[in-house]
Amino acid sequence: MSKLVLTGVSRRFGSVTAVEDFNLTLLAGEFVSLLGPSGCGKTTTLRMIAGFLEPSAGTIALDGQVISSPGSARPPEQRNMSMIFQSYAIWPNMTVAENVAFGLEVRKRPRAEIRTRVAQILEVVRLQHLGDRYPQELSGGQQQRVALARAIVVQPGVLLLDEPLSNLDANLREEMRYEIRRLHDEFKITTVYVTHDQAEAMVTSDRIAVMNAGRVEQVDAPRALYARPRTRFVAGFIGRTNFLEGEVRGGEVIFDGFTASAARFAETPAAGGRVTFSLRPQSIHLHRARPATSDAAVIVVGEITQRAYLGEHWDYTVRPAESALTLRVTARPHEVFEVNEKVWLEIDARQMAVIAEA
Amino acid sequence: MRQVLALVVTAALAIAVPVWSNAWAFDGEKELYEAAKKEKELTWYTAHYNTETAAAICGGFEKKYPGVACKYVRTTAQVAYQRLAQDQKAGIAQASVISSTDASHYGKMKQDGWLQKYRPKNLAELADAFKPFNDPDDLFVATAAGLVLLTYNTAAVPAGEAPKKWTDLLDPKWKNKISIGHPGFSGYVGTWVVQMKKLYGWDYFKKLELNRPRIGRSINDTVTMLNSKESLVAAGPSATTLESKGKGNPLAVVYPEDGAVLMVSPTGILKNAPAPNAGKLLVEYLLGRECNEIIVKHAQDPVNKHVKPMAGGKSIAEVKTIRPTYDEIDKGIPEVKELFRETFGI
Amino acid sequence: MRLDRSTLLWALLVAALLLLVVNPLARLVWTSFQHADTGALTLGNYAIAYGRWRNVEALVNSLIVGLSVGVLDLLFGVPMAWAVSRTDMPGKGLVWAAVLGTFIMPNYLGAVAWMLLAGPNAGWLNRIYTSVTGAEAGPFNIYSMPGLVFVIACYSFPYVFVFTRTAFDLISSEMEDAASTLGASVWRTTRRVTLPLALPAILGAFIVAFLEAIALFGVPALIALPGRFQVVTTMLWQFFEFPPKVPVAAAYSMPLLLITVLLFWLQRRLIARKGYVALTGKGGERRLVKLGLARWPVLGYCLLVTTLSFFVPMIVVVQAAFAKAWGRGFSLDNVTLRNIRFVLFDQPATRDATWNTFLYATAASLLALTLALAIAYIVQRRLVPLGGVLTQVAMAPFVIPGIVLAIGFYAAYTSKPLVLYGTAWILVLAFATRFLPIAYANSDAAIRSVNPELEDAARILGGSRFLALRRVVAPILARGLAGAFILVFIPATRELSSAIFLYTTGTQVLSVLLFDKSDEGNFELLSSIGLVLVVVTVALVMTGFRLVGRDFMLRRTAT
């Protein structure tokens with residue numbers, strides 16, 4: 001059953017188009033991220049879903065009813081959604097408990113019920129002893145959790161999060177990623193999560209909508225997004241990648257410096273014409289000696305031009321023989337090679353994805 | 001039988017009246033008082049006295065007529081008139097009684113129909129010297145008098161050196177030491193300037209300017225200037241100066257040989273007075289004995305023929321006084337205001 | 001439906017602004033072209049107004065006064081602000097309290113005190129001088145152009161102080177450190193780095209001081225008239241003498257209006273170009289400059305200025321209030337409670353005026369703040385179109401001298417269709433309009449400090465916009481607004497320039513009462529009234545401190 005449907009949603013500010021032709025369908029209980037660099041229109045889309053902005057074109061429907069369309073939008077207070085803001089927006093003039101209770105008070109729940117539910121949710125977010133504190137007395141992470149508690153306790157139809165973790169330090173961010181996913185699983189709320197951090201999106205989401213310059217480039221589950229990026233932008237934005245351009249001719253793909261049979265690839269590229277592949281650095285393995293031939297692998301010889309040791313992995317730059325290409329390769333810590341050393345590259349062709357050029 | 005009773009009562013009253021201090025002093029006073037009690041508060045715009053004297057008069061009035069409230073607003077003549085004019089223009093009835101010291105104001109008020117006719121019962125109490133200054137049409141009546149004369153600070157000026165006549169002020173020895181008011185603000189000063197011009201022509205003031213007098217606004221400013229020794233001699237008011245002297249300040253007055261300028265200041269009741277009966281009562285009071293006794297305590301000159309001026313001061317009748325006519329004042333004051341501004345720069 | 005509501009709101013605000021700002025101003029300009037009797041359009045008023053050299057000279061005098069006051073205020077205020085904000089000078093609390101005292105003291109009361117101090121023949125300072133040196137006469141003459149400039153500057157430098165101090169507070173020490181690591185001394189750093197950074201604020205303060213000075217009425221009436229020269233405001237008062245020549249007065253005030261508009265525009269250009277010192281950022285850490293032995297002369301300077309503006313005049317006022325005859329000086333037999341008693345009990349006008357003063361000031365402040373908040377909120381949240389226009393109109397009264405505004409109000413509301421003259425309303429509305437710009441500037445800053453997400457959070461949880469305002473925005477703003485209220489309230493209690501034309505006997509306020517008494521020459525009474533005004537104001541400010549905290553005047557908004 002589809003919970004939230006965005007159809008052809010666009011938003012213009014004067015002559016600037018912030019969002020263009022956005023289409024997305026969320027099923028009940030799904031966790032979808034809007035991922036993209038700043039200025040890509042993700043926050044604008046979120047605010048349209050929340051009802052703070054009207055779309056310039058297109059419609060937004062909740063539970064089958066249209067709630068936003070050009071010229072009319074149901075106000076935010078009538079959508080039964082909750083939102084977590086980048087600044088958390090915890091009210092400084094109220095205690096933690098009062099903050100969390102606000103939504104329930106607005107819904108005119110009886111006092112005893114409010115007390116119980118607030119206590120319960122504070123336990124869930126592990127803030128049970130801080131109910132009487134004021135926000136100024138809490139750490140960033142604690143304030144975050146107050147925002148979560150406040151948003152979830154009202155059992156919203158849709159939960160919206162606007163870059164909630166960007167103000168936290170790296171460790172806390174990691175911890176909170178899991179926390180958010182855990183809460184989602186426990187309460188099964190339909191969630192839309194906006195972020196520019198791909199790791200966050202990958203960890204938390206069922207599906208990710210990658211946005212760029214107002215448009216959606218691809219909507220897919222995290223693994224599919226990583227393994228099968230559809231556009232150059234998505235490939236480059238999610239993780240690092242190597243772009244390989246080749247020409248398809250007679251059942252073979254001819255790259256700069258080497259050739260591979262078209263059959264090795266997971267997706268057979270169209271015959272005739274140019275094609276671009278995305279090749280992840282992890283999909284290349286380095287060997288000192290020529291590895292055994294296999295159907296899945298493309299074997300190329302090359303030379304290490306640069307290397308950097310990052311503790312968890314090596315980052316090698318390799319230039320295949322007779323090629324101008326520079327391939328980035330991720331290797332495990334014990335795989336040590338010298339610069340200018342001759343190496344064999346074992347490229348896992350099944351991991352290469354065909355990119356549709358814009 | 002009833003007639004006899006009436007006769008007896010009237011006789012008794014006739015005997016009793018002079019004995020009572022609060023007896024009804026004039027015919028119709030009681031009715032006026034009853035009517036006044038029902039009215040709103042009486043507001044009285046006055047330039048005739050200083051604040052303390054005005055306060056004392058209102059206090060006396062309220063004591064004599066309990067239940068009738070008297071609120072005074074003491075300003076210079078110019079400001080009083082301005083306030084009144086603005087009120088009239090806007091159609092607001094605020095003041096019930098107007099006592100300006102600028103006689104030219106009354107001509108205009110009469111012309112504009114602001115005043116109401118009332119012939120006070122206490123007119124008989126008015127000293128004869130002032131009767132000519134009442135309006136023949138009973139629109140205003142003289143209720144206050146004063147003198148503008150030469151004043152000086154006794155601590156800084158020995159009696160022998162003090163000016164004896166108006167032209168003595170032109171002596172260069174008084175340069176930067178003279179204090180006067182401004183005819184643009186004060187009715188007293190306006191009248192004085194008109195009189196001086198009548199006596200000596202405008203040249204008098206051109207020569208006075210050579211002495212760079214300190215120009216204030218009200219004629220009462222001169223008292224402050226003398227008290228503080230900011231100025232040593234002045235063309236000042238007899239009443240306020242003598243009152244200040246009575247407080248212990250080193251001041252003295254000189255009755256000029258060429259004549260002290262007599263100020264007769266009328267009072268009128270406004271046609272749109274919010275408290276007309278109280279207003280009438282106030283005018284009667286101003287002419288009456290109690291009021292004049294109060295103002296004598298404040299060193300003002302009484303207008304009631306039965307009340308003696310305070311010790312140390314001369315009664316107006318004894319002094320050589322000069323005074324412009326109503327017409328001269330009427331036309332003169334606006335004219336001298338301009339001339340004054342030309343000569344003195346402000 | 002939402003379009004209707006916001007349109008209605010906009011219409012309401014526009015109506016309010018029309019009533020308060022646009023109508024008086026329009027009537028003023030219109031009246032200046034009307035013939036007094038016939039109402040026909042004419043340029044005659046301008047001919048009368050500027051036909052005489054005396055009248056033009058008054059305008060020139062005003063400009064001289066304005067420029068001189070601006071310069072003197074900078075000399076007073078900038079070093080003090082620097083000392084308090086950026087150095088380790090001792091006694092900052094005392095200096096700050098004295099500046100506050102100066103702000104509370106009405107400038108016309110200060111003028112009276114200075115008349116008693118520096119009257120050329122009898123002023124105490126001159127008397128001391130002559131008795132010490134044996135000279136003929138003392139050198140001080142308050143009734144002069146320098147005297148006028150001095151007195152005005154004494155009571156307008158607090159504005160310069162506050163503006164400049166705020167700017168200095170925001171300069172991060174890192175700016176100065178960069179200079180000192182390159183070898184610059186304290187003084188060179190201050191001259192080449194600190195001051196230039198604060199320059200936009202300093203120039204802005206200069207302009208404010210100038211505008212204040214040329215628009216003042218009370219002080220020039222007390223000092224310039226005996227000094228035999230006129231300025232624009234006293235000249236305007238003359239035009240109101242009976243019969244009031246309102247069209248001529250309107251024509252005469254036009255150049256004043258134009259000059260202030262020009263200056264205001266200039267100030268906006270300056271600040272827009274150079275940009276305020278890190279008003280957007282947090283300013284960074286601020287370390288105090290160590291003055292060493294120099295701190296004593298610096299403190300001395302600060303105390304000298306405040307002694308001249310506050311301590312000595314206060315002593316004079318107190319002495320006069322309790323004196324039988326102030327000229328007799330300090331002696332035990334010259335002490336009496338008579339004046340105070342008279343003023344408090346025997347003179348009904350004082351009671352009425354006191355009540356009126358604080359009632360009108362409160363009403364005007366509330367009105368101004370409410371309107372300002374409404375406009376600032378609506379403009380910042382972009383709830384209506386053409387918000388910029390609303391802001392401009394709300395800030396417009398800043399460039400209108402009080403006396404000119406009063407004339408405009410007089411012209412607009414003394415005749416049909418809307419006659420407000422004679423009621424308290426005309427005063428309350430005139431005050432509210434006069435102080436609307438201050439209220440707006442503070443409201444704007446206050447609302448800016450509230451993250452809109454706080455309201456959004458309330459709305460998404462189901463609360464209406466109104467609920468969000470009530471439960472979230474209002475409590476957060478309360479502290480800052482109490483400060484803004486006091487910043488409007490205090491000037492409103494002692495406002496003279498606009499009250500002098502619009503009051504009637506029933507609606508008199510303390511400032512006018514005091515001024516009216518000054519023409520009677522009764523300084524003892526006058527000082528008593530002034531003392532009453534100052535004492536009650538101080539009491540209210542102290543209460544404000546308690547409620548709001550000590551920093552309210554520095555406009556440090558709650559983060």
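1. Against which elements do the buried residues of H4(B) pack? They pack against strand E1 (42–46), strand E3 (97–99), helix H5 (103–112) and helix H6 (187–200) of chain B, together with helix H22 (510–518) of chain C, where helices (H or I, at least four residues) and strands (E, at least two) are DSSP runs numbered from the N terminus.

2. This is a predicted model, in which local features need pLDDT of at least 70 and side-chain atom pairs count only at pLDDT 80 or more, while totals for chains, interfaces and linings use all residues. Residues are numbered from 1 along each chain as its sequence is written, and chains are lettered from A and ligands numbered from 1 in the order in which they are written.

3. Helix H4 of chain B (residues 77–90) has 14 residues and reaches 20 Å from its first C-alpha to its last, close to the 20 Å expected at 1.5 Å a residue, the expected span being 1.5 Å times one less than the number of residues. Its buried residues include B:Ala77, B:Tyr81, B:Arg83 and B:Asp87 (buried means that 20 or more other C-beta atoms, placed from the backbone, lie within 10 Å of the residue's own). After H4(B) comes B:Gly91, with a positive phi near 75°.

4. Between chains B and C, 39 residues of chain B are in contact with 30 residues of chain C (contact: C-beta atoms, placed from the backbone, within 7 Å). H4(B) supplies the largest share of the side of chain B that touches chain C, eight residues. By class, that side has 12 nonpolar, 18 polar and nine charged residues. For the complex, the predictor gives an ipTM of 0.75 and a pTM of 0.76.

5. Chain C has a mean pLDDT of 82, and 92% of its residues reach 70 or more (pLDDT is the predictor's confidence in each residue, from 0 to 100). Confidence in chain C is lowest in helix H8 (residues 173–181), at a mean of 73, and highest in helix H3 (residues 53–86), at 92. Over residues 274–283 of chain C the pLDDT is below 50, and this stretch has 16 contacts in the model beyond near neighbours in sequence.

6. In chain A, five strands form an open antiparallel sheet in the order E16-E20-E17-E18-E19 (strands pair if DSSP finds at least two bridges between them). Strands E16 (284–287) and E19 (327–331) of chain A stand at the edges with a single partner strand each, so one side of each is left without a neighbour in the sheet. Strands E17 (residues 297–309) and E18 (residues 314–320) of chain A pair in the antiparallel sense over seven bridges.

Terms used
Two residues are in contact if their C-beta atoms, placed from the backbone, lie within 7 Å. A residue is buried if 20 or more other C-beta atoms lie within 10 Å of its own, exposed if 12 or fewer, and partly exposed in between; C-beta atoms are placed from the backbone. Ala, Val, Leu, Ile, Met, Phe, Trp, Tyr, Cys and Pro count as nonpolar, Asp, Glu, Lys and Arg as charged, and the others, Gly among them, as polar.
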